Amino acid sequence: MSIERQVAELAIRLMEVESTSGHEAAVITVAEQLLADRRWNTERIPVGDGRDAILATSAPDPLVTLSTHLDTVPPYMPPRLDGDTLHGRGACDAKGIAASMILAADRLRDRDVPVALLLVVGEETTHDGAHAANARPTTSRILINGEPTESTLAVGTKGAMRAFVRTQGRAAHSAYPELGHSATRDLVNLLATLDAVEWPSDPVLGATTVNIGMLSGGVADNVMAPSAEARLMLRLVTPVEEVWPILERWAAGRATVERGVTVPPVRLGTLDGFPTSVAAFATDIPALTNWGTPYLFGPGSIHVAHTAHEHVSIKELAEAVSAYERIAIGALEREGLGR
C-alpha cells in the first residue's frame with residue numbers, strides 16, 4: 001500500500017470521530033486500538049472527567065517523542081477526500097498530523113530508535129492533556145510537536161494570554177440616562193483605545209498582538225447597562241511579566257482586569273536543510289517541559305485551521321512522514337544520542 005493511501009486512511013479514521021475539546025473519549029479509544037494493532041505498547045494518561053491522553057512506546061526508555069493533539073475546535077465537519085485534498089475538521093489541525101506521526105514512528109521503531117508517540121487532549125483550550133503528560137516521568141530527550149506550519153520548522157512560537165476586562169455601571173431606564181451609568185458605553189470607549197497601546201516586540205517573534213474575542217453586557221435595550229465584559233487574547237513575544245503591567249495601566253481607573261490562562265513564548269530547535277518560520281499561535285510545547293528539546297513541524301496551513309474550509313493535501317501528509325523521521329534522527333544526532 002502506498003504511503004499516500006496509508007496516511008489518508010489513518011487520518012480519515014481519526015477524523016470520522018467527533019472530538020471537540022472536552023469530548024475526546026471516543027477518539028482516544030479509536031487511537032488506542034489503532035496503535036495496539038500496529039504493535040505499540042500503549043498507556044493511558046488520566047487527564048480528568050473521563051478524559052485521557054495516550055502514550056505509545058517502542059522501548060521502555062524512549063529518547064524521542066512525536067506529539068500532537070486529537071481534540072478539535074467546533075463545529076465538527078466529517079472527512080471528505082477530493083482528489084489529493086483531505087477536507088474536514090482536524091485535516092491539518094491536527095489529526096492529519098497524527099497520521100503522519102504514526103507512520104513516521106513506525107519507521108523509527110523499525111530502525112531501532114527508542115521512540116514514543118504522545119497524543120493529547122485539550123490543546124485547543126487549557127492544554128490540560130499536556131499538563132497531565134508532563135507530570136508523568138519520562139526519559140524523552142527530544143520533543144517533536146505537530147502543528148500546521150506549512151512543512152517548515154518553527155524557530156519559535158508566540159505565547160498567549162487570555163484577559164477579562166470588566167466595567168461597572170448603574171441600571172436605570174434608558175429614557176432617563178442621567179439617572180444611570182452605562183457599563184457598555186464605558187467598555188466600548190475603553191476598547192477603542194487598545195490600538196494606541198505600545199506593546200513589546202521581538203526581533204524574531206515579531207509584535208505583540210491583541211484580539212477582542214468576545215463582548216457581553218447589559219440586560220435590555222431600554223436599560224442602562226449595569227455591567228459589561230470583554231475577553232481579550234494577547235499573543236506574547238516576551239514574558240507575560242512585561243505585558244501584564246501594561247494592560248493594568250491601560251485599564252486603571254476605567255475597568256478591572258483579570259488574567260486567564262497564559263502560555264509563554266518559546267524558542268525552538270532547528271536543523272539544517274529545513275525551511276523555517278515563526279508560529280504566531282500557541283502550542284502544547286510550554287506545557288511539555290520535561291519531554292526534551294522542542295521542535296515544531298507540521299503539514300498544512302494554520303490559515304485554514306479552525307475554518308469551514310480546513311483541508312490538507314495527502315501529498316504533504318505523506319511527505320511529512322519522511323520529514324518527521326529526518327527531524328528525529330537529526331535532533332538525536334545534535335544531542336549526541338544518534339546511533
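Tutor: In this predicted model, helices α1 and α2 are roughly antiparallel to each other, because their axes cross at roughly 150° and an angle over 145 degrees counts as roughly antiparallel. Helix α1 covers residues 3-15 and helix α2 covers residues 25-37, and their axes come within 9 Å. Look next at the side of α1 that meets its partner: Leu 10, Arg 13 and Leu 14 are the residues there, and from α2 they meet Val 27, Val 30, Ala 31 and Leu 34. Sorted by class, this contact has 6 nonpolar residues, no polar ones and 1 charged residue.

Now let's turn to a sheet. Here 4 strands form an open sheet, in the order β12-β13-β9-β14, with antiparallel pairing. At the edges stand β12 (209-217) and β14 (256-263); each has a single partner strand, so one side of each is left without a neighbour in the sheet. From one strand to the next, the twist averages 20°.

Zoom in on β9 (residues 159-168) and β13 (residues 227-236), which pair in the antiparallel sense over 10 bridges. To pick out one of these pairings, find Val 165: its bridge partner in β13 is Ala 230. Finally, there is a helix to spot on this sheet: α5 (residues 183-191) lies across β9, β12 and β13, and runs at about 20° to β13.

Definitions and conventions:
Residues numbered from 1 in each chain as written. Predicted model: local features only at pLDDT ≥ 70, side-chain atom pairs only at ≥ 80, totals over all residues. Heavy atoms only, no water. Pairing = 2+ DSSP bridges. Helix = DSSP H or I, 4+ residues; strand = E, 2+ residues; numbered from the N terminus. Axes fitted to C-alpha atoms, helices over the stretch in contact; angles between N-to-C directions. Contact = heavy atoms within 4.5 Å. Parallel < 35°, antiparallel > 145°, perpendicular 65-115°, else oblique. Nonpolar A, V, L, I, M, F, W, Y, C, P; charged D, E, K, R; others polar.
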